[in-house]
Amino acid sequence: MMKFVLKQVKNGCRLGQLVDLPKEVAEKSLETPMCMLYTRAGSVPYMGRDVLDRIDKLPGAVNMPIPLLVENMDAMAEFPGGIKKFAAMDDFMTYCSIQDPAVLTPSGYNTKKAVSVWSCHGKYELDIPGYIKLMSSLDVDWVQSLSDGDTDRNTSEKRVIKSVERTINYLDELLEEKEKHEKLHSTKLIGTIVGGYLEEKRFHSARETAKRPVAGFSMEGFHNFGPESETFDLEDVKHLLSKTLELLPQDKPRILPGLMSPANLLFAVELGFDILDTSYPLFYRQMKICSALCYDYNLPPTSTDNILRDSDEQSLGWEMDLYDERYREDTAPVVKSCTCYTCTHHTRAYINHLLKVSELLAKLLLNVHNLHHYLRTFEVIRRAIADDTFKHLKQHIINQKPS
Ligand SMILES: [Zn+2]
């Protein structure tokens, strides 16, 4: 049975690992801080499995958000092996989140009995029996418990109290119902901590969720995902989050969903979160298709990596807009030191041309690079925590933030 092992805590940052997984999954990296692969309807957006397999050091975990799976529930129920086999991703540890971290969840549709999710074809209300049925057809390792995290900075106290109560009640009912279904014994529930921006409500949510037999925690209720999560500044709620995380047991993983910018992912790691996902490199700037992540994650004095950044790249900030006319005849790779398929096979000029003629291949090549860049950042972060250089790395990346 899969479990999380916390190996070290250094200045708040946690190094851990998911262990006891099937052999085909365990061959991939399951070390934390980790970035799960974000998928839509079971696949990474714009990428077939052949392209995905060309990406170096893929994480061994994947998030398949419920909203885009729910309408296939009946087909999945007929399919032996659940969603992993259905999506040909049975070599990944699989988690299903209630909402899609890359898409704005419409506000005002949750009730005492059900949580609303949106597929391409409209709204689905997930109540306890419906969710138990869905969990049976999915047959995955972790499923997020139903959550009413529909709160933000402007939500009234009364509504926040309701969101905490409902989320705890859904969890209790799901734990009770789940016990009655033998098929669900291997699927573990991830508890959701809500409570908006109100300290006491969030602490109550954390304390109560921590008492229940959950496999880990997802921290929500600050925004409704999608673009709201991209503008959410983790530093603003640093104090609230660190005090809330203190109430959780150390030996269970903490998930932070949403589009996490380079700054937010560094703050998240420093606060003690273990798992994020790759929705940001695939969907940042609302699918603005011309941007390539190019922040430098190599620490100059201690890095053994081959640093080939030139003064041009250093002035670019976190990303470069390859649609820009200045790349029309630029025969350099997107990022000179990058080892991804895009950077080792194509030039900025070629991608600039593909973008100018609206060729879809541009999006594919950019996603390959962006995914590689973001995933490599996690690898570098883990190494920096072990080497006690995380603070320098964080400052180095934050310093490149565009003004
Ligand atoms: Zn690259």
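The dialogue below takes up several features in turn.

Visitor: What kind of model is this?
Guide: This is a predicted model.

Visitor: Let us begin with the metal. Which residues are the protein donors of the zinc ion?
Guide: The zinc ion is held in contact by Cys338 (SG), Cys340 (SG), Cys343 (SG) and His369 (ND1), at 2.1 to 2.3 Å. Along the chain, these donors follow the spacing C-x1-C-x2-C-x25-H.

Visitor: What is the geometry of the site of the zinc ion?
Guide: The site is tetrahedral, and the angles among its four donor atoms run from 99 to 117°.

Visitor: Are cysteine 338 and cysteine 343 buried or exposed?
Guide: Both cysteine 338 and cysteine 343 are buried.

Visitor: Where is leucine 276, and why does it count as buried?
Guide: A residue counts as buried when its relative accessible area is under 20%. Leucine 276 has a value of 2%, and therefore it is buried. Its place is in strand β13, which covers residues 275–277.

Visitor: Which residues is leucine 276 in contact with, leaving aside its neighbours within four places in sequence?
Guide: They are Met34, Cys35, Met36, Leu256, Met260, Leu265, Ala268 and Phe378. As for alanine 362, it lies 86 residues from leucine 276 in sequence and 26 Å from it in space, C-alpha to C-alpha.

Visitor: Why does lysine 394 count as buried?
Guide: Lysine 394 counts as buried because its relative accessibility is 12%, and the cut-off is under 20%. Lysine 394 is found in helix α16, residues 390–398. Apart from neighbours within four places in sequence, its contacts are Leu266, Phe267 and Glu270.

Visitor: How should I read the backbone?
Guide: In general, most residues other than glycine have a negative phi, and most peptide bonds are trans. In this structure, the peptide bond from threonine 32 to proline 33 is cis, with omega near 0°. Proline 33 lies in the loop between β3 (31–32) and β4 (34–38).

Visitor: What is the phi of alanine 41, and what is that of aspartate 388?
Guide: Alanine 41, which is not a glycine, has a positive phi of about 50°. Alanine 41 lies in the loop between β4 and α2 (49–52). For aspartate 388, also a residue other than glycine, phi is positive and near 65°. The loop that holds aspartate 388 runs between α15 (361–386) and α16.

Visitor: What is the volume of the largest pocket, and how many residues line it?
Guide: The volume of the largest pocket is about 360 Å³. Its lining has 17 residues, and Glu230, Ser261, Ala263, Trp318 and Lys401 lie nearest its centre. Each of α8 (227–231), α10 (262–271) and α11 (279–287) supplies at least two residues of this lining. By class, the lining has eight nonpolar, three polar and six charged residues.

Visitor: How many cavities of 30 Å³ or more does the structure hold?
Guide: The structure holds five. The largest cavity contains about 110 Å³ of space. Among the 15 residues that line it, Gln99, Thr105, Asn110, Asp150 and Asn224 lie nearest its centre. Its lining divides into four nonpolar, nine polar and two charged residues.

Visitor: What lines the second largest cavity?
Guide: The second largest cavity, with about 70 Å³ of space, is lined by 15 residues. Those nearest its centre are Asn63, Tyr95, Ser97, Pro257 and Asp277. This lining has eight nonpolar, five polar and two charged residues.

Technical notes
Residues are numbered from 1 along each chain as its sequence is written. This is a predicted model: local features need pLDDT of at least 70, side-chain atom pairs count only at pLDDT 80 or more; totals for chains, interfaces and linings use all residues. Side-chain values use heavy atoms; hydrogens and water are left out. Helices (H or I, at least four residues) and strands (E, at least two) are DSSP runs, numbered from the N terminus. Buried means under 20% relative accessible area, exposed over 50%, partly exposed in between (1.4 Å probe, protein chains only). Contact means heavy atoms within 4.5 Å. On a 1 Å grid over the protein atoms alone, a cavity is a set of points where a 1.4 Å probe fits but cannot get out, and a pocket is an open set with protein on both sides within 12 Å along at least five of seven lines; lining residues have an atom within 4 Å of a point. Grid points are joined across faces, edges and corners, and a volume is the space filled by probe spheres set on the points. Ala, Val, Leu, Ile, Met, Phe, Trp, Tyr, Cys and Pro count as nonpolar, Asp, Glu, Lys and Arg as charged, and the others, Gly among them, as polar. Donors are N, O and S atoms within 2.8 Å of the metal (3.2 Å for Na, K and Ca); water is not among the atoms, so sites may look incomplete. Four donors count as tetrahedral if all angles lie between 85 and 135 degrees; four count as square planar and six as octahedral if opposite donors are over 155 degrees apart and all others between 65 and 115; anything else is irregular.
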